[in-house]
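I opened a new notebook page for this structure. My plan is to go from the overall layout to single residues.

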Amino acid sequence: YLGWRVIVYSNNKKMFCYLGPLAKGVNLGFHQGARLPDPGRWLEGTGKGMRHVKIRSDKNIRPGPFKKLVRAASRLASR
């Protein structure tokens, strides 16, 4: 759904990730990102829970790692 000017993805009515516009790119954000495995150190942020990946061009898109993050976030929201 759309909320807060971002596209929000939910699982069982629990939000787990979002796509948000930036001036130059998009944020792929995770509501419980601090709890996600991040061996590639893709996630940014220092808050208590949320983390994001800034995608500034198509060269920044990493389908494999991003897919793993989205799937892990979805599983976490299912608990």
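**Layout of the chain**

I read the elements from the N terminus on, and their order is β-β-β-β-β-α. That gives 1 helix and 5 strands in the chain. Helices (H or I, at least four residues) and strands (E, at least two) are DSSP runs, numbered from the N terminus.

I noted the ground rules next. The model is predicted, with local features needing pLDDT of at least 70, side-chain atom pairs counting only at pLDDT 80 or more, and totals for chains, interfaces and linings using all residues. Residues are numbered from 1 along each chain as its sequence is written, and side-chain values use heavy atoms, leaving out hydrogens and water.

**Overall form**

I looked up the extent of the C-alpha trace: about 35 × 30 × 25 Å along the principal axes. The radius of gyration is 12 Å, which agrees with the value near 12 Å for a compact globule of 79 residues. This radius is taken over C-alpha atoms, and the globule rule is 2.2 Å times the number of residues to the power 0.38.

I then checked burial. Of the 79 residues, 33% are buried. Buried means under 20% relative accessible area, exposed over 50%, and partly exposed in between (1.4 Å probe, protein chains only). The chain exposes about 5700 Å², and carbon and sulfur atoms supply 56% of that area. Accessible areas come from the Shrake-Rupley method with a 1.4 Å probe; for residues, only the protein chains shown count as cover.

I also looked at contacts (heavy atoms within 4.5 Å). Among those with a separation of 6 or more, 37% are between residues 24 or more positions apart.

**The salt bridge**

How many salt bridges does the structure hold? I found 1. A salt bridge is a side-chain nitrogen of Lys or Arg within 4 Å of a carboxyl oxygen of Asp or Glu. K54 pairs with E44, and their closest N and O atoms are 4.0 Å apart. The pair links distant parts of the chain, 10 residues apart: K54 is in strand 5 (residues 51–55), while E44 is in the loop between strand 4 (25–30) and strand 5. K54 is partly exposed at 31% relative accessible area. E44 is partly exposed too, at 35%.

**A look at N11**

N11 sits in strand 2 (residues 6–11). Is N11 buried or exposed? I have N11 down as buried, because its relative accessibility is 17%. Leaving aside neighbours within four places in sequence, N11 is in contact with F16, S74, A77 and S78.
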